[in-house]
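I want to go through the helix packing and the chain pairing, one entry at a time.

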Amino acid sequence: MQATSHAAHPAARQDTHHEAPGFWRSYVFSIDHKVIGIQYGLTALCFLLFGFFLMLMMRWQIAHPGEAIPLLGSFLQGLLGDVAANGIISPELYNSFGAMHGTIMVFLAIVPLAVGAYGNYLVPLQIGANDMAFPKLNMMSYQIYFLGGIIMFVSFFIPGGAAQSGWTSYPPLSMSVPTDGQTFWLIGMVFLITSSLLGSVNIITTVIQLRAPGLTWMRLPFFVWAQFTASFLLLLAFPPLEAAGVMQLMDKVAGTSFFLPTGLAVGGNLANISGGGSPLLWQHLFWFLAHPEVYVLILPAMGIISEIIANNTRKPLWGYKSLVYGALGIGFVSFLVWAHHMYLTGMGTHIATFFQTTTMIISIPSVIILTCLLMSLWGGSIRFNTPMLFALAFLPMFGIGGLTGLPLGFSVADIHLHDTYYVIGHFHYVVAPGTIFALFAGIYFWFPKLTGRYMNEYWGKIHFWTSLIFMNFVFMPMFVQGFSGMLRRMSDGAVQYSDLKVEGVTGALSSTVIGLNNFILWGAVGLGLAQIPFIINLFWSISHGEEAESDNPWNATTLDWQTPTPPPHGNFVTPPSVYRGPYEYSVPGTGRDFIPQDEPPAAR
Amino acid sequence: MDIPYTVEARPDTGVYNAKVGMWLFLASEVMLFGGLFSSYILLRVGAPAGTWPSGLLSVPLGTINTIILALSAITTLMAWVACKSRMFERFKLFQGLTILLAIIFLCVKSYEYRDKLTHYEVVLKSGEIADGHLIRREPSGDIVLHGHVVKEHAELMNGRKHVEHRELTIAKDQIVRMQNYGPWHNTFLAIYFTMSGLHALHILGGLVVMGYLWGPGSRMWKTDPDRFTNRVEVSGLFWHFVDLVWIFLFPTLYLI
Amino acid sequence: MSETSPDIFKAYTRKCGAVFAAVVCGTLLMVAASYAPIANHKIAIALVLTAAACNASVVAAYLMHLIGERKMIFTVLAFTVVFFIGLMGLSIWASQDIPTVVAPITR
């Protein structure tokens, strides 16, 4: 930062950095990584809430098929018309809610929150940089993401409604549903992919080029490593999906047959296409992204949890290097596991064995990371504040999510479990009480840096305990339903296959299994209510929260806390230099229980 | 506030920011075209025997375009060398040449597209297939093609086989089905239009950047020549990558 | 940047001339190979693609200066190439590995 006075240097007036920018430049078209991070965060939180509401309505329909949605029913009918006649969700609308719930949660809520918001705000701070390497690209990245979100959102209101073929958009189904929502979905995805491309190039370049003097690779906080790896996944795994998206778009608008096989019949009639395409090709290209995407969801979460655990146990992370190599290992292997989503496509045994092997291999680094985090707790003087509670809950919740994934990685077990509620339970344990808890933890943890105030502890704890309980109410019964063979994506909650409809048939779902739908519904409603304290707390604390005592209220070591609060444009008062590793907590023989990374070694 | 290493290289990595960014972008581009090339192979290998056409595209035009693009890659590099040697006039000359060559490439490409879009396959009532370029449509609905008539669809799969072309007039009531050689015609043309179209979009994007650096962007030469040279280098990297993609597109689409 | 002399320019001009000649030769070779009367179509395809790969490596090595580039950039590209090969190789393997019909299980 250069100190200038306009009166003394009239020539400097051209340089906009030195002028107080107006509203538009400060909040809408800002190139400051912190503002962009907050923009990402708020937008993504809105989408998170929206995606949650879609799910709530779907859960009502599953538990009470054919009954009007209470409270929201007539509103929905007014908004969407016949597909929600009498406030009842039609199967078509259920399908588009399902497809859009997945798309919104993955591409518009969690990834933008984990990488867009946290990565943008914290990576430059933690590596001691004054901004991202390419601030203008950073701004464009957010705006393209926002546009992509608008395109996805608008597709609900076009004739035919939003995409209806699941977040996976498998052709030929996605081609056969008579709605342009699929075209919107594809164009929206191209926007989102472009945005994440710009974002990931930015984060990687920033980490490589803008580390503060002395901040060697092995002194980087684990959070930075996690973001770095996740960005590489976004960079290299997304483009094949972009290619596939372009091809499906061609199928949709230019009449090609990339994914449409010869002899395809739609509605009993032979489709008027040239044929010769391969539906499996889409699945390969889609899962080539979508499996690494899972690790894009989880790695930043692990990074956040590591920072919070190190800080609140007041001791260094156990096995820092194992964590780093574990993250890199996950990143590498995640490119070579994708077809374990495709065991049911008539895959040969050799290739299935290959993907089973790599799938089992990738669980090793995940377990290493989780073990390191657990071991870090040992012997720590743990502070049980709200962020730490969320972080502690992350460990078993992610553990459940990860371990339930193993049976899905074996083709034999997968044949039974594929496309059942078991799968939904599994990945939601990873993402909802896993990643989302980590994101909550991060919000409570870094809130004092953003605002200079704490969030309310009491309501934070209420938020934590209710969320934890209701999350498990929602997702734990899904394992039971899945084991019983209840399929996902059924708009009537599988009543058709229960002994309520087909009495006395062996293998029909019992009324207990179907009854769990109602249990899950009220769990989900409870989960929704549990977020109210959080939302109020978040906005109320900006101006009314308890003031933080200092710029570093948690007594943290990493560079993000060695800045003024909130960090100004340019972040640091003086460019920092780094002299030590990221987690020097409770070093024996020092007066304090933490030594910031930028503190020079004591003169002897 | 200035971001470090926009002009000079960072000592321990040895590169400046934009270069890292461009290489990362190119890595993702490798995966983008990698996905498309994989699709090409998968679709081609999976096609039933005798349904994948070959020799549909004009090899002379493809060769000319390959050489045009290679030449433009050379002029791009020379433009950067001119910047490094502090010869602004030569930079203008070489950058201008690159832009010109890129425009010629696009012209040739659009001529090829037009050629395909006016090429029709007409299934006749007799079961035969007339194949050729549409010369005109008569007011009566009859059409005039410059081409030939074959008995079997399979006979159209090898475009390199020399056949006598002549003017054919086809009565309206003889036409069962008529379709031009657009992306909808068969999977080969679908992937041809998609891949070469995406490549042409890259050319267009490169053209915009190069044009900017040649025109309004070159003002930076006066204020910060080193940074400007870096910009030329980085845009050159992109341009070479586009050339690289074409080097693979040409044989896969035109030759094999 | 101290290299302001026209000599550098001349040296580069020569190098560029050589690269261009190589690329043109490679292209003509490709075309020739595709017309050559090789009975085995697979060998013809391999020849054409080898020529293309040579062409591409000349462009990458000399025009994109990869030959003297930093380790860091090489590392990124090496990983990219591995993932690219993984994508292409594994999806083709998967498409070729089709379960064969086995004798029905007798009870």
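I call two residues in contact if their C-beta atoms, placed from the backbone, lie within 7 Å. Helices are DSSP runs (H or I, at least four residues; strands are E, at least two), numbered from the N terminus.

Ground rules first. This is a predicted model, where local features need pLDDT of at least 70, side-chain atom pairs count only at pLDDT 80 or more, and totals for chains, interfaces and linings use all residues. Residues are numbered from 1 along each chain as its sequence is written, with chains lettered from A and ligands numbered from 1 in the order in which they are written.

Entry one, a helix pair. I looked up which residues of H2(A) meet H5(A): A:His33, A:Ile36, A:Gln39, A:Tyr40, A:Thr43 and A:Phe47 face A:Pro135, A:Asn138, A:Met139, A:Tyr142, A:Phe146 and A:Gly149. These divide into seven nonpolar, five polar and no charged residues (nonpolar: Ala, Val, Leu, Ile, Met, Phe, Trp, Tyr, Cys and Pro; charged: Asp, Glu, Lys and Arg; polar: the others, Gly among them).

Entry two, the chain pairing. I found 32 residues of chain B in contact with 36 residues of chain A. On the chain B side, helix H1 (17–46) and helix H4 (187–214) each supply at least two residues, and H1(B) gives the most, with 16. By class, that side of chain B has 18 nonpolar, 13 polar and one charged residues.

An automatic or database assignment gives chain B domain 1 (17–47 + 56–115 + 185–255) and domain 2 (119–180). Their C-alpha centres lie 36 Å apart.
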